[in-house]
Amino acid sequence: MSQAEPADGLSNLSLCETADLIKTGKVSAVEVLEACFGQINKLEPIHHAFVWQDRESALNRARWLDSVRSRGEIVGPLHGVPMAHKDMYYRVGRVSGCGSRIRSREPGKTTATALRKLDNAGAIDVGGLAMVEFAMGPHGFNAHLPRSLNPWNHDRVPCGSSSGSGVAVAARMVYGSLGSDTGGSIRCPAAANGVVGCLPTNGLVSRRGAMPMSWSLDCVGPLTRTVKDAARVLKVIAGHDEPDGSAAAPPIPDYESALEQPVAGIRIGVPHGYFDQDLDADVQKAISESFDVFQQAGATVVPVEIPKSVSLSSDLHPLVMKAEGAANHRPWKRTRAAEYSEEVGKRLEAGFFISAVDYINALQYRVFALEDFLGAVFRRVDALLTPVLPIPTPTLEQTAYSNGPAYLKMVIALTRNTRPINFLGLPALSVTCGFTSDGMPTSFQLVGRPFSESTLFRLGHRFQMETKLHLAMPRALGA
Amino acid sequence: MPITPQLLKELNDETQNIPIAKERWPELAVELNQLRTAAEAALPVHDFDRDPGEFPAVLRSRQT
């Protein structure tokens, strides 16, 4: 692997550090953006995180934000911060290809609520990031796009489906990114690329103007380098959205101000059952050490039995996802089937033969499973800690579609721990907690009660402050 | 009775009309039978009065 120069000083700052420097006038939005361009120039030719960039618009916006700042005004908490997003968030008049050929020429008719909120907070949209075709796949490969490479090791997958988001944030090309998570598509690439990924409670963030993959499971959330950054971005994008009927309307707390509160007294669950099965020894070690960190910080670690409904939730997740996905894609599958990649085209097929009765029974079971999980787990603990990926980040070869049954086994293993959480609609925060013996980062996810993101951020932030693991640099950045 | 490749092909011809390669039917039958098994496994706790639309309400009711 070629070794790039270390990240530029500005690029290596966190999103919050950068926003605070711009706010206080110590650095301009244009300077920050140019630092990002420098990092993109160095690393994008190898890593292929971007599908498109619009540097001219980004630069114009940075200049405008600097002129606003020169008058002593700040647009919002992300004033001047360069971000880029999974290429599935629509903007009026702009093409968001969704990693597909089918959508590669269709301009957006609306602007995604999450993008509009980021705009209103002062963020700069640099470009669209690579993703799995129509967000259907956990390993990150898209036959229509150049392969996105993991900056920790080019022979390892970046995971997906928010592959470009994980790569661009880890490689310090941008400070944060929107991903989407239907079965692990934020948390898995966050884990594989050594960054933070936040799956909000189902409905906390509006999905309006985001490409639908599975309407009842899809969630919009951020990937960032620090927990504090994720807290800031989530505060901006969360909240009720009248046109999105599924968006919840809870009061959105100031996540950042709660970060420094002590974790003493918070009960963290050690899962007994499901999440402790088929774990790689290195992953197991990193998870065990994470519990030690939290205990030393004053949290209480409590064993908790995982209800059997989690295993069935994991099995029913693909039934719901495939039925909903097939419904979305039916007209195209009939008339434009050749435009899908072989892998994703096949992945859609089963959904067309799931009965409406089985689908509705699965949705009914979802309510039971949620109540069962809340009763069994969250009566005893405030957060559950599990690995994100139960295995080390796979190699490119291990996830090759031509690998047949081994490929299928790998794909199922990648989302084993993440997909039941989507089925349950609960929030989860993915944080790097160590390294496997091959030098790849591995992560835990903290799963919480509905709308308990504040607690998860508090725990994740404390973990990062204690371990400093988030400061480790990917090999491609000259680490 | 398990779902067979032939049944899926006939269903497709009659209702869905999706172009599906011949070699895919046996694989699809395996996948659909796995999903059917999962659906059947959920039935012992099936609740006649359960409205699937309660899901977001349950989430909101447990808000911290």
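Of the 64 residues that make up chain B, 19% count as buried. This value, like the others reported here, derives from a predicted model. The secondary structure of chain B consists of 3 helices and 0 strands, giving the pattern α-α-α when read along the sequence. The radius of gyration of chain B is 18 Å, whereas a compact globule of 64 residues would have a value near 11 Å. Along the principal axes, the C-alpha trace of chain B extends over about 50 × 25 × 20 Å.

Chain B is in contact with chain A, and 32 residues from chain B and 38 residues from chain A take part. On the side of chain B that touches chain A, at least two residues are supplied by each of helix 1 (5–16), helix 2 (24–41) and helix 3 (55–61). Helix 2 of chain B gives the most to this side, with 9 residues. Classified by residue type, the side of chain B that touches chain A comprises 19 nonpolar, 5 polar and 8 charged residues.

Within chain A, A:Ser313 is located in helix 9, which covers residues 309–335. A:Ser313 counts as buried because it has 28 C-beta neighbours inside 10 Å, the threshold for a buried residue being 20 or more. When residues up to four places away in sequence are not counted, A:Ser313 touches A:Ala369, A:Pro420, A:Phe423 and A:Leu424. A:Arg419 lies 106 residues from A:Ser313 along the chain, yet the C-alpha atoms of these two residues are separated by 8.3 Å.

Key: Residues numbered from 1 in each chain as written. Chains lettered and ligands numbered in written order. Predicted model: local features only at pLDDT ≥ 70, side-chain atom pairs only at ≥ 80, totals over all residues. Helix = DSSP H or I, 4+ residues; strand = E, 2+ residues; numbered from the N terminus. Rg over C-alpha atoms; globule rule 2.2 N^0.38 Å. Buried ≥ 20, exposed ≤ 12 C-beta atoms within 10 Å, placed from the backbone. Contact = placed C-beta atoms within 7 Å. Nonpolar A, V, L, I, M, F, W, Y, C, P; charged D, E, K, R; others polar.
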